[in-house]
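Good morning, and thank you for making time for this item.

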Amino acid sequence: MQNHISRRLFLKNTALASAGVAIAGSSLASAPGNKRLFKLSVAEWSVNPLIFGDARKDGWEKFMQLLKNDFGAIEKAAPMKNIEFPRFIREVGGEGAEYVNTCMYDKAKNTKYLNELNNVCRGEGIANVLIMVDAEGMVGAPEKKDRLQTLENHKKWIDAAAQMGCHSIRVNAGSQGSYEEQQKLAADGLHLLCEYGDKAGINILVENHGGFSSNGKWLSKVMEMVDHPRVGTLPDFGNFRTSYEPEEWYDRYLGMKELMPYAKGVSAKSQEFDENGEEIHSDFHRIMRIVMEAGYRGFVGIEYEGEQLSPKEGVLATKRLLEKCHDELAKDFKA
């Protein structure tokens, strides 16, 4: 780590941190709920450095072992606990919580804990929106028995989401095989999840999250194949990398257009900002117009994943950018 910080970088980061304050007179910040085009939630992955602390310093494999075998050790050493997340959301001016299951990995069946979390949310005025579920098996596994095991692994999170008053869980449509084979396998696994989710009143959302799932055409076809009212997408502004070696990307604007007709949530991924507070990888103004044109009027989840700013400053900078987008869009769209 370099200790020397250039004057230009210092001024840039200072400006971005200051930009986190809500825009004076912003229609999103000041308008009553029925006049706003969307509300802002915060994805817990934004604060994962605080939730996990140094637990990942020895690599992903050791972290996963610790996560599954001794989550309490992670919690004990971390600067922030999951139950403190609602307060963080209130402090940055958000209204909804999008949890990540690995941030409360041993809590899915802990009814007492979930009730306590609900009480904290009520006290902070925060709505529980969804739980993002990872590390629970491959939804589109080639073998039926493995897809059924993945279903079993996800049931506790569907039940937890219901107890917390969420409307959805987010899953990953991972699979193996050809383009068409993976579509069929993912669709089958998702339909299994939807059948259980329907009993609990919980939607099953798929995020574009790598591999074929980051191909908008592929994932939109999977939605059609599942053909269940509980299935939907959680389009993420930035997750359109379809391959790492070689590095390949799907057009994010095309992908958003293809996924928005099925959206029951939206993830506003941010990583890095310029001096004007604009995200340098995604044109938020263009994407949010796509979101509005699709008729979506629900929560937009802030997910800051950068290293340029602290988690709090990054969330605030993203919030300001979305408020700017709202003010522009309010001229052309109705709530």
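Let me begin with a charge and a ring. The charged end of Lys107 lies over the ring of Tyr113, at 5.2 Å from the ring centre. A second case involves Arg286, whose charged end sits over the ring of Tyr253, 4.0 Å from its centre. Please keep in mind throughout that this is a predicted model.

I turn now to rings with rings. How many aromatic pairs does the structure hold? There are ten aromatic pairs. One of them joins Trp60 and Phe63: the ring centres are 5.3 Å apart and the planes meet at 45°, so this pair is tilted. Are the two partners buried or exposed? Trp60 is exposed, at 52% relative accessibility, whereas Phe63 is buried, with a relative accessible area of 1%.

Another aromatic pair, Phe240 with Tyr250, is stacked, with 6.5 Å from centre to centre and 25° between the planes. These partners are ten residues apart, and the pair links distant parts of the chain. Phe240 lies in the loop between strand E6 (231-234) and strand E7 (241-243), while Tyr250 lies in the loop between strand E8 (248-249) and helix H11 (252-259). Phe240 is buried, at a relative accessible area of 0%, and Tyr250 is buried as well, at 17%.

Returning to Trp60 and Phe63, ring pairs connect them with Trp45 and Phe52 in a cluster.

That brings us to helix H4 itself. Which of its residues are buried? They are Phe63, Met64 and Leu67. Viewed down the helix axis, these buried residues fall within an arc of 100°, so they line one face of H4. The face turned away from that buried side carries Glu61, Lys62 and Asn69, which are exposed. As for what the buried residues pack against, the partners are helix H3 (48-52) and helix H5 (71-77).

Next, the cysteines. Cys103 is placed in the loop between strand E2 (96-100) and helix H7 (111-124), and with 1% relative accessibility it counts as buried. Setting aside neighbours within four places in sequence, Cys103 contacts Glu44, Ile51, Phe52, Phe71 and Asn82. Phe52, among these contacts, is also a member of the ring cluster I described. Cys103 and Glu152 are 49 residues apart along the chain, and their C-alpha atoms are separated by 20 Å.

How many disulfides does the structure hold? The number is zero.

Finally, the annotation. An unreviewed UniProt entry lists residues 88-324 as "domain: Xylose isomerase-like TIM barrel". Over residues 88-324 the chain is 44% helix and 17% strand, and the end C-alpha atoms are 22 Å apart.

Thank you; I am glad to take questions.

Terms used: Residues are numbered from 1 along each chain as its sequence is written. This is a predicted model: local features need pLDDT of at least 70, side-chain atom pairs count only at pLDDT 80 or more; totals for chains, interfaces and linings use all residues. Side-chain values use heavy atoms; hydrogens and water are left out. Rings of Phe, Tyr and Trp (its six-membered ring) pair if their centres lie within 6.5 Å; planes under 30 degrees apart count as stacked, over 60 as edge-to-face and the rest as tilted. Buried means under 20% relative accessible area, exposed over 50%, partly exposed in between (1.4 Å probe, protein chains only). Helices (H or I, at least four residues) and strands (E, at least two) are DSSP runs, numbered from the N terminus. A charge sits over a ring if NZ of Lys or CZ of Arg is within 6 Å of the ring centre and within 35 degrees of the ring normal. The arc is that of the directions from the helix axis to the C-beta atoms. Contact means heavy atoms within 4.5 Å. UniProt positions are given in the numbering used here, feature names are shortened, and annotations may be inferred rather than shown by experiment. A disulfide is a pair of cysteine sulfur atoms within 2.5 Å.
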